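Subject: The structure you asked about

Hello,

Here is the structure, ready for you to open. My notes on it follow below.

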There are 4 protein chains.
Amino acid sequence: MSKIEKNKKQKENSLYDAAYHLFTTKGIHNTAISDIVKKAGVGKGTFYLYFKNKYDILDKIILDKSTYVLSEAIKQTKEKEFNNFEDELLYFIDYIIEYLRKDRLMLKLIHKNLSWGIFKKAYKDYEEIHEIYSMFQSGYKNSSLSRDYIGKVLFMILELTGSVCYSSIILEEPVGIDEMKPVLFQTIRKII
Amino acid sequence: MSKIEKNKKQKENSLYDAAYHLFTTKGIHNTAISDIVKKAGVGKGTFYLYFKNKYDILDKIILDKSTYVLSEAIKQTKEKEFNNFEDELLYFIDYIIEYLRKDRLMLKLIHKNLSWGIFKKAYKDYEEIHEIYSMFQSGYKNSSLSRDYIGKVLFMILELTGSVCYSSIILEEPVGIDEMKPVLFQTIRKII
Amino acid sequence: MSKIEKNKKQKENSLYDAAYHLFTTKGIHNTAISDIVKKAGVGKGTFYLYFKNKYDILDKIILDKSTYVLSEAIKQTKEKEFNNFEDELLYFIDYIIEYLRKDRLMLKLIHKNLSWGIFKKAYKDYEEIHEIYSMFQSGYKNSSLSRDYIGKVLFMILELTGSVCYSSIILEEPVGIDEMKPVLFQTIRKII
Amino acid sequence: MSKIEKNKKQKENSLYDAAYHLFTTKGIHNTAISDIVKKAGVGKGTFYLYFKNKYDILDKIILDKSTYVLSEAIKQTKEKEFNNFEDELLYFIDYIIEYLRKDRLMLKLIHKNLSWGIFKKAYKDYEEIHEIYSMFQSGYKNSSLSRDYIGKVLFMILELTGSVCYSSIILEEPVGIDEMKPVLFQTIRKII
DNA sequence: TATGAATGAGCATTCATTCAT
DNA sequence: CATGAATGAATGCTCATTCAT
């Protein structure tokens, strides 16, 4: 990577970081492009060299962050040993929940879009994301269910987890995440 | 209700209807207050007599419409006879799905907000909403599970349904609702 | 005064008091007619039965309050005995200063308008105001100066007092009123 | 100064001039930002690049114009020769009066703000302003009065002059400036 | 490539005033 | 006399986007 390339990447990253920080702390609606570039320390025009508009950078951030959470979760899961698939999956889900609980601002931003990462760009780019899919498929290796069906179940479990996290952690509705977690786990156990 | 009271209610309703129509067709972001009042046929200041700002009327619309969907679903369900609780619940869920499929614009508006928050608020105001809860509790009458636990399961089923509807119907991700529905139904069957 | 007349006067007074309170605490610019009527507990239309607009009631308030200060000052002065005119005038001036110091909000409102404009209008309406003029003229009874000339000097002393009070009490520029007062008194002594 | 810097200064100046002209002819209250930018021939956003709001530009104009009057007065005074301090001071005051009489619109704008607040601010920025202070202090060099006391007397003379100018020239109360001037001069003579 | 001054359409919001009740 | 719902012109201000440097 040439020096110029490096510099470009650096500018893009600083815009990215600035936007993430402002979106999470001030809210999307209250963050203007001018705020982002000021915080990033670059010129206003520079923003448009890297992103189309506010929602372009926002989408990229959400995608990136959700993918990151999922890939971290699978990485940690893969490093452990489990007696069975159920334990493995629940460890994976628990990792996600605990991560989001610790980073409420990120959870607020990705809202209920946590399953997105799997089905979009990330699926293609990140090696780790393949693994979650593989893990899930392996867990069902003895069943007669089709690969497609199993994929959809994974999708639903992730949607459910994302939704429950948002409700329980951000809104604390109907109850906080600590009370919700056992029910969620039991439900997932039933699903698989 | 006096003539003046009637007139007020009429004004509020026309604003409400105009806003709903514009939000669903043009999008929230692209709808200005001036559009709403023009369509409603009232003065601009009148809007502020009834609503604080665009998001105030939006919230009211989302709450209202979501409540309506749920209450319609329970009403229709109660009118039918079922052999067992599972069939009853799935009919209820199916009614919601089909309703949202037919009214994609409304689904887009209520996004993934068809859930507990709404449910809880609606619970206080609408008699019908009590029934869904009763129905669900009755279905579990022979189980040893606590009422609380059962309530949380209902919450999760609603969250899951809402999330899946939005993804499948609006984004068609990972697949359309027709392909998704059997998997969702099977999943709900396992949950209960 | 009939009961109806009394009621009218009462409404006018409550508007007057509400406006005075809001003008002094929130500022003229930030006070709307709707604020005034809300505080006064009357209908919006009622305001226009008694006043032309915001500046109409403001002018009346300023006139009224400034007149009150001056008339109070002369009343108190007349009740005392003095060895000479100089002492009498300085007592009068001091009374004004101390009054304004205690009611900074009123001083802020009447700004630097404590002077001839007010004085002149008040002259016609309030018996007490005649007395200050008389007092001042008497003080000069042995001089060869014309009545007109003496009137102008009184005007200047009042202008100077008003200006100094505003600067010293409100802005504390160049110094506070305590430091300023001896200089002002010495200056007035030289003038007369 | 680069071309771009020059252009910026030009824009600011045209806004400044436009605002001054509109404030003096139409009044502050009746001048909208849109009027200013239209007259200045710049975009609306440009205004907010240079000024916070209407009162920001107004304050700057008042400060600037008042400073200009004072600095002009001292410049002219310094160019003349005088037999004594009294003549010098009265020439200085007279210059101010005549200037304001010729430019009534400016006088109306700066109202009764021609005084210490302005003086103090200007003191830092304008070399000429130092001179008026020096002149005044020199006039008292043989007196036993403290520098502080003398400064306060200067302050009062300026306040008095400003107040009298506004009343006599703008309101013509209690009489016009021609009739008032001899009394003012005589009063100042007595003060010093 | 990078900048940031300039733009002006677009928007939310206010508020004095009216007038039917 | 009193009201307060309705109005809509008026206005301040924002902000995404452009483009000359």
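**The loop between H9 and H10 of chain B**

Glu172(B) sits in the loop between H9 and H10 of chain B, where helices (H or I, at least four residues) and strands (E, at least two) are DSSP runs numbered from the N terminus. Its phi is near 55°, a positive value in a residue other than glycine. Pro174(B) is found in that loop too, between helix H9 (147-171) and helix H10 (177-191) of chain B. The peptide bond leading from Glu173(B) to Pro174(B) is cis, with omega near -10°.

**How to read the model**

This is a predicted model, in which local features need pLDDT of at least 70 and side-chain atom pairs count only at pLDDT 80 or more, while totals for chains, interfaces and linings use all residues. Residues are numbered from 1 along each chain as its sequence is written, chains are lettered from A and ligands numbered from 1 in the order in which they are written, and side-chain values use heavy atoms, with hydrogens and water left out.

**Where chain D meets chain C**

Here 27 residues of chain D are in contact with 27 residues of chain C (contact means heavy atoms within 4.5 Å). The buried area between the two is about 2,700 Å², and carbon and sulfur atoms give 65% of it; buried area is the accessible area (1.4 Å probe) that two parts lose on being put together, summed over both. On the chain D side, Lys152(D), Met156(D) and Lys190(D) lose the most area to chain C, together 22% of what that side buries.

There are 2 salt bridges between chain D and chain C (a side-chain nitrogen of Lys or Arg within 4 Å of a carboxyl oxygen of Asp or Glu). Glu179(D) forms a salt bridge with Lys152(C), and their closest N and O atoms are 3.6 Å apart.

Which elements of chain D give two or more residues to the side that touches chain C? They are helix H7 (116-125), helix H9 (147-171) and helix H10 (177-191). H9(D) gives the most, with 10 residues.

**How the copies are related**

Chain D can be laid on chain C with an RMSD of 0.2 Å by a turn of 180° and a shift of 0.0 Å along the axis (superposed by least squares on the C-alpha atoms of residues with pLDDT of at least 70 in both). That is the relation of a two-fold axis. The same surface serves both copies, as 100% of the contact residues of chain D recur in chain C.

For chain B on chain A, the RMSD is 0.5 Å, with a turn of 180° and a shift of 0.3 Å along the axis. Leu160(B) has the C-alpha nearest the axis in chain B, 2.6 Å from it.

**Around DNA strand E**

Of the 32 residues around DNA strand E, Thr46(A), Tyr48(C), Gly45(D), Thr46(D) and Tyr50(D) come nearest (a residue is near a strand if one of its heavy atoms lies within 4 Å of it).

- An N or O atom in the side chain of Thr46(A) is 2.3 Å from a phosphate oxygen of DNA strand E.
- A polar backbone atom of Lys44(A) is 3.3 Å from a base nitrogen of DNA strand E.
- An N or O atom in the side chain of Lys44(C) is 3.5 Å from a base oxygen of DNA strand E.

Best wishes

How values were computed: A polar contact is a pair of N or O atoms within 3.5 Å; within protein, one must be able to donate a hydrogen and the other to accept it, and residues adjacent in sequence count only if both atoms are side-chain atoms.
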